[in-house]
Amino acid sequence: MIFLELTVENFGPYRGKQVIDLRPQINDNVISPIVLLGGMNGGGKTSLMDAMRLALYGQRAQCSTRGSLSYPDFLKQAVNKQTLAHEETSVELLFEHIIKNMQVQFRVKRRWTRNPKNGKDILGILIDDWPDSAWLETWDERIEDFFPIGISNLFLFDGEQVKELADLESPPNVVVQAIQSLLGLELAERLAIDLDILANRKRKQLADSKELATLEEIEEKLNHYKSEWDHAEIAVVQLKEKAGIARKKLYAAKDKFKLEGGKIAGERSQLEKQLEDEKKKAQQQRDYLCELAADHLPLALITPLLIQAKNQGEKELNREKARIAQDFIKDRDQRLLEYLEELKLAKKQLETVKSYLENDYQQLTDDQQNQETLFLGLDEKVLNQLKTVLEHQLPSQIQQSQDALNALSIIEEAISSTDQQLAVAAPPEVYEQLLEKVSQAQGELTKVETAIEQAEQQLKKCQTQYEKAKKDLERYSQNTIDRKNVNHIIDSVAKVQTTLKLFKEKLTLKKLNKLEVEVTECFRYLLHKSDLVHRVIIETEDFSLSLYDPQGQPVEKHRLSAGEKQLLAIAFLWGLARVSGLNLPIAIDTPLGRLDSSHRQNLIERYFPAASHQVILLSTDTEIGEKEVNSLREQEAIAREYLLKYDPSDRQTHIEPGYFF
């Protein structure tokens, strides 16, 4: 079976007629099975999944947006808000299937108006573009031959279904029904019920008037308890659906609480104290900078002038030292001449020495006179102080001020960030409203969960009463009617039921063994950890899963991560689809919700391209993102890509070719 086209007209967020080509592609023996549709939350992905279910099954369709609504109310709410009163809403699915070794095209269309006549849609069936009244009148029975509704949830499912299957210890009721239908167990169950009906009829035929009255009274009780049991089961299912809605409301309220600043508002006092502390730190840095400014730091502005003054002071000090030395040399020269005279040197020699000393002294005098005029007049102590300031104190204070400025800048950034957080925080009255909505949503969820617990207790009570009434009926029949000669029919029914029960058990074991092999193979293939799980066992009573490692030791389910649990759920669904032997398309809404990157990559590389000959994925941009879609493109797994563009101004969605990336 291959879905070829899906057409929606004035359905959900889709105004007007919009057509999606769903055909997979085969190029050079390379099969591209995936049709990828991208859309944001609330953009119409789930509506497309509902459109496929609705086209195939009509009133029996398990549409996710129906909830507890009656079928007429569901049809009414599915009409696009901008549709005019006289305009029709419709869903149409074109698909191919092999009938008697011939490929046949079916075009199934359901249409209705905002106020549908008799609360129903109008069904149209074209086979190879020709009307067929026989198929139209028996469509509900015909569709069961090649796409039974009981197993449709194994092929048309969403991420929430996978998450629910991953979180529960045993599969939900809808999956249990699909398993029973798939394994043929519902036929055995139906036969057992029919045998009960036959036995009751025979008992009535054999009973006299008094016995018949007693028998009818017991049977009336039995029917009453069975009716209560059925109603209790429906109540539990409806309450679980309400719990799902309440859980979604709680998640939405928490998300809105965070988005609109409720979390920040709740931390306002802490943020305000943090802001006050940061401002104190900033003021301390400013005070420290003021202290530095009151010391030598301002001299940094005239550093070149101070260096010039230091150099000039050194020159002047050296000149002063030279002047003092000049007077000393003059006295020394005079003493030297007097000493030479005492030695009675020759007059000519004495004159030569005297001339040399006078010329040398004159040279020193000339050098002194040629130097610049003294104008600073610094003594050596002041000059040393100036050097200390320039070489030590001033560089140190410049570095300290720079460090203080850097610290002040960091503190001011922290102040700015805290101010921004406080600015987006919800006002107290809005915060109280947001908190109240979260509290209300939590309260509603708790209330529904309590009601579920009470309903399940009531269900158990109804089951107990029904079983007791059934035993009473059997006991009465045994003591009164079954003693008669003609009760061989009833005896035969009992024997057949015993045999049927044994047959059902053996059939279950045989089918489950095959299913266990498939689920184990799928899970190990997806998990890519051959040493974690070696075998998956499926319990015959409630179809819950037990895991075992290569040493045969049980692997507790809580040891698996959330992602591994979801892979196990997907492997379970995949294994069931493979065991069915039905060549059907697979459609998955929000396929990668709450999976980490590594587990997502396992599904991208191993599951989606191999899940079926046709795989329809409806994803947001955060699930199948740019990395994931590029991986699928590199594998040549994608046949077609579409983008569901939602316009919030008119609340309409338009389908365009392409994807987010």
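A polar contact is a pair of N or O atoms within 3.5 Å, where within protein one atom must be able to donate a hydrogen and the other to accept it. The close-up views below are taken from a predicted model.

**View 1. Asp121 and its polar contacts.** Asp121 lies in the loop that connects strand S7 (102–112) with strand S8 (122–127). Its side chain makes a polar contact of 2.3 Å with the side chain of Tyr71, and a polar contact of 3.3 Å joins the side chains of Asp121 and Arg110. When residues up to four places away in sequence are not counted, Asp121 touches Tyr71, Leu75, Arg110, Arg111 and Trp112. The relative accessibility of Asp121 is 15%, and because buried means under 20%, Asp121 counts as buried.

**View 2. Phe146 and its aromatic partners.** In the model, the count of aromatic pairs comes to 19. One of them is the tilted pair of Phe95 and Phe146, with 6.2 Å from centre to centre and 50° between the planes. Since Phe95 belongs to strand S6 (residues 89–99) and Phe146 to helix H4 (residues 139–146), this pair ties together parts that are 51 residues apart in sequence. Both Phe95 and Phe146 are buried. The rings of Phe106 and Phe146 have centres 5.7 Å apart and planes at 35°, so this pair, too, is tilted. Phe106 lies in strand S7 and Phe146 in helix H4, so the pair ties together parts that are 40 residues apart in sequence. Phe106 is buried, as is Phe146. One aromatic cluster is formed by Phe3, Phe95, Phe106, Trp135, Trp139 and Phe146.

**View 3. Charged side chains over aromatic rings.** The charged end of Lys226 sits over the ring of Trp229, at 5.5 Å from the centre of that ring. In another such arrangement, Arg606 lies over the face of Tyr525, with a distance of 4.7 Å from the ring centre.

**View 4. Helix H11.** Helix H11 (residues 303–342) has 40 residues, which at 1.5 Å a residue should span 58 Å, and the 59 Å between its end C-alpha atoms agrees with this expectation. The buried residues of H11 include Leu306, Leu317, Ile329, Leu337 and Leu340, and among them are also the charged residues Lys310, Glu316, Arg319 and Asp333. H11 is followed by Lys344, whose phi is positive, near 60°.

**View 5. Strand S16 with its two partners.** Strand S5 (residues 34–39) and strand S16 (residues 638–647) run parallel and are joined by six bridges, with Glu641 in S16 as the bridge partner of Leu36. S16 is also joined by six bridges to strand S17 (residues 652–657), and these two strands run antiparallel. Here the bridge partner of Tyr642 is Pro657 in S17. The hairpin of S16 and S17 has four residues between the strands, and in this hairpin Arg651 takes a positive phi near 55°.

**View 6. A sheet of three strands.** This open sheet has the strand order S11-S12-S13, and its pairing is antiparallel. Strand S11 (535–538) and strand S13 (554–555) are the edge strands, each of which pairs on one side only. Four bridges link S11 with strand S12 (residues 545–548) in the antiparallel sense, and Ile537 stands opposite Ser546 in S12. In a regular strand the side chains alternate between the two faces of the sheet.

Terms used
Residues numbered from 1 in each chain as written. Predicted model: local features only at pLDDT ≥ 70, side-chain atom pairs only at ≥ 80, totals over all residues. Heavy atoms only, no water. Pairing = 2+ DSSP bridges. Expected span 1.5 Å × (residues − 1). Buried < 20%, exposed > 50% of the residue type's maximum accessible area, 1.4 Å probe, protein only. Contact = heavy atoms within 4.5 Å. Phe/Tyr/Trp six-rings, centres within 6.5 Å; stacked < 30°, edge-to-face > 60°. Lys NZ or Arg CZ within 6 Å of the ring centre and 35° of its normal.
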